Amino acid sequence: MTDAAATTHEPGPVVKPSPAEGGTHHDHPSELEYVKIAAILAFITAAEVTVYYVKALKGVLAPILIVFSLIKFTMVVLWFMHLRFDSRLFRRLFVTGLGLATFVFTAVLTTFHVWTR
Amino acid sequence: MAIVTPSRPEALAPADRLDTPTRFLRRPTGYTKGLWGWLTTVDHKKIGLMYMGTAFIFFMIGGFEALLLRIQLGSPDNTFLRADTYNQVFTMHGTTMIFLVIMPLSAGLANYLLPIMIGARDVAFPRLNAAGYWIFLVGGLFMYSSFLLGGAPNGGWFGYVPLSRNMPGHNIDYWVFGLQILGIASLTGAVNLIVTVINMRAPGMSLMRMPIFVWMSLVAQFLLLFAIPVITVALFLLNFDRLFSTNFFNVAAGSDPLLWQHLFWLFGHPEVYILILPAMGIVSEVLPVFTRKPLFGYQVMVFSGIAIGFMGWGVWAHHMFATGLGPVAVSAFSASTMFIAVPTGVKIFNWIATMWKGKITFSTPFLFAVGFVAMFTIGGLSGVTHGVVPADTQQTDTYYIVAHFHYVLFGGSMFGLFSGAYYWWPKFTGRLLNDRIGKVHFWLMLIGFNMTFGPFHILGLQGMPRRIYTYPAGRGWDVWNMVSTIGSFVIAASVLTFIYNIYKSRNSPLVGDDPWDARTLEWTVPSPPPEYNFKEIPLITSRDELWHRKYTEDEHGRAVRRELPEAQPVMAGTEVEPSGEAHEGPDLLGADVGHGGEGAEEHEPHIHMPSPSYWPLMVALGLPIICYGMIYKVWAVAIIGGIWTMSSIYAWALEPATAPEDTPVHGPDTAGHDVEAVPAS
Amino acid sequence: MTETITATSGSHSEVEPGHPPTATGLSNEKVGMWAFLGSECLLFGALISTYLLFKGQSKPGTIVPKDVFDIPYTSVSSFVLLMSSLTMVLALAAIQRGDHRRTRVWILTTALLGASFVAGQCYEFTTFVREGMNLRVNLFGSSFFVLTGFHGAHVTIGVLMLLSLYSMSLRGKLPESKAETVELVGLYWHFVDIVWIVIFTLVYLIP
């Protein structure tokens, strides 16, 4: 065996640097953008609390709050957790868990007639 | 495992020299030998062997428990076991067979084979892998310690509330804490194997070129990933009810016992697919080899495995048909249960098609694989009848159900695992198990199994309930119960035959890399494989890569052996030895060691492997301490255990994956070659 | 914290010299963390649905949410946790730039915000207990404390990880090449934050 000193050459796949890797991130949010997102999140939180106290909206309170929290949830996941810019694999792993949880637990609660009691 | 003995004794790492009394506190290195080497190993192959060996011992214990049950039930009004003893034995029999036998056997086999089958050197997280084994071991021992500490778990393997909530004594507490410990092992193992398969495949090993065993194990690991958290919550809630008097399952406070059942079966149904998919994967590996035909419908097999995994999340309430869910819920789950029979049935047909017009060798692995197909089909058919709600209302909680799940779990999973044992034994040990004795084992097991569990169908339909410790005479159940009991001893004889086979074969001739003329990558490396698996990572150009390297097709589509390996576009250094040739090698479980520096023309490549570590074991040891402290409410003990585990985790995190002593030494040896300090633990 | 397996994987997102790349080009640890977070969805899903099942089902006359909840107070602690996600992502940006001082500032801030969240919860819970609500009293007490307790335990573990990162950075053991470690802790931290977003809405705000 020749070339004994070399480390075993293990041919790898062509490494396509995904946007999240390497030093230069072209679609990586800047610090200012992160602060803007945080501001939006803070604003939505304030809106949630405000809506909570508005008596006129009591009937539609639950749907409004759910929508607000979904927006916050999604924004944190997509931007802060960088899922928007990262490999689809991460999205699939997370969405599978999230989707499965939503599906099975909605089904369980349905069998308990939680929505109609 | 035999260790590399470098040609120059002075190359021994200082930590391993006998004159250092604190050598056990130093980090083990690649040179560490013996028991300490096994305790600290991070080699997926050794870990896999430990999983399988330990699981087999639990199999014998669980089988012994089964014999006790069958003795008690062999005749009516029997007094061999008291009721409360019976409850412990039947709970532990089920818990053992599921969590301490089938799951670790499948995990161990996956651990050993998956990296090699995808062309990798180890799993993604070797130390985490080791931790998974030690956590499994302490979890099993912890649960069994209950026999000596007031009584074993006695609420059934399914632990229904409110019985398990209100059961006095600590029996249930051992069950709850034991399963939590085991759950940690399963979850970490799942993350590990998932990352391994996704990320560590050799170049050219696309997902659709992977062996089916890898695919089925991958689906099972995903099921574990998502199912274990659900039972974790269920167990926590039960635990808090018992320890801290919370109200999760307190009917007086307004709770609903069905909450437990939903949470348990949300885990429990994916669990049964976790138990069967790897065994299906084994069958899909074995049948092509012994019929000399590729698996029929590879893609369909992959997709049905995935479909089973997905759909398995939509059927759990079929375990609850008689609990008053209401017609809508029950119909929905009945429909989904019928649907899931489709991908399962597809697999059966594909296996049959694989064997059709094949050139069959009736070896022991083949017999067990065919046994799987037949027995699992029977179990699957009874399963389909359970999916019909009115029929199930009659069948549920009778022995008919017990028949079903033993046919799929024993006739299915265990037969598949025995097939795998015989098939991969030469790869693990370098020697074949005796085929004649193997056939005796198979036939005894097949006959004994059907004698034991066949009658359960009849008994169930005759109305014999499950989970009873005795029954009165004169119900017409006596004869079949006796037949079943006799059958259970035939099974015991078959297991003894297997053990005898292992003993008898311990000195059989060594075989080469590929004694079966097989199709997948594990048969391209020595038997047993060296620590680093592959001298060079292979380049994959097709499914059944090894087969295509060995054979091409003539104009009639028949396999024709290729010329010598040099003509092949494979990596230089890949060993392709004519099968059957004895490979000069080590003892039963020895590594194929390199002969670096001993004047050989070919010497060991410069391969770094991660170093051993004792932190995984340390982390595991803290867990039962926490649990004992909590069960007996001696909080100091629980806190000490917690500190032990946490500090071990910290020490592990701060420890580099490769010990400084394992960094290879450079410099020529007497023959002028680079000295190789190839760590092998 | 990053397990560097030299021959078996590329354990960093960036392919380092001498590290064989992974089949996807992604780091093992990152794939593992996302898989783990997927499984955590099931964990919190089970706890949250248990809470929802028991919502409004406690025996009449026993303590109910509106007896004890202080929405303004909890809004403030929710806001604190939300902002800690911002500081976390700023810490990651800082280490990716190689600005270690900033990294430490943001990591420590995140840890302190997380710790105040937990402290706020401790204060909130002791107030509840003084008002007669505990684990045992009814379905609400059991399900509330266990759900928020699990979440709080996750936050605490996150704070410990952040403090470990801080200490590693101080000792020079967190170079720019190990930015991924910060990223992974960050992923965990953000997950814990989004779970709270769900809990705050479903438990506190929705009647």
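Student: Is B:Phe415 buried or exposed?

Tutor: Buried means under 20% relative accessible area, exposed over 50%, and partly exposed in between (1.4 Å probe, protein chains only). B:Phe415 has 0% relative accessibility, so it counts as buried. B:Phe368 is buried too, also with a relative accessible area of 0%. One caution: this is a predicted model, where local features need pLDDT of at least 70, side-chain atom pairs count only at pLDDT 80 or more, and totals for chains, interfaces and linings use all residues. Residues are numbered from 1 along each chain as its sequence is written, chains are lettered from A and ligands numbered from 1 in the order in which they are written, and side-chain values use heavy atoms, leaving out hydrogens and water.

Student: How do I read an aromatic pair, and which type do C:Phe125 and C:Phe144 form?

Tutor: A pair of aromatic rings is described by the distance of the centres and the angle of the planes. Rings of Phe, Tyr and Trp (its six-membered ring) pair if their centres lie within 6.5 Å; planes under 30 degrees apart are stacked, over 60 edge-to-face, the rest tilted. For C:Phe125 and C:Phe144, the centres are 5.6 Å apart and the planes at 75°, so the pair is edge-to-face.

Student: Where do those two sit?

Tutor: C:Phe125 lies in helix α4 (residues 100-130) of chain C and C:Phe144 in helix α5 (residues 139-170) of chain C. Helices here are DSSP runs (H or I, at least four residues), numbered from the N terminus. Both C:Phe125 and C:Phe144 are buried.

Student: How many aromatic pairs are there over all chains?

Tutor: The whole structure has 83.
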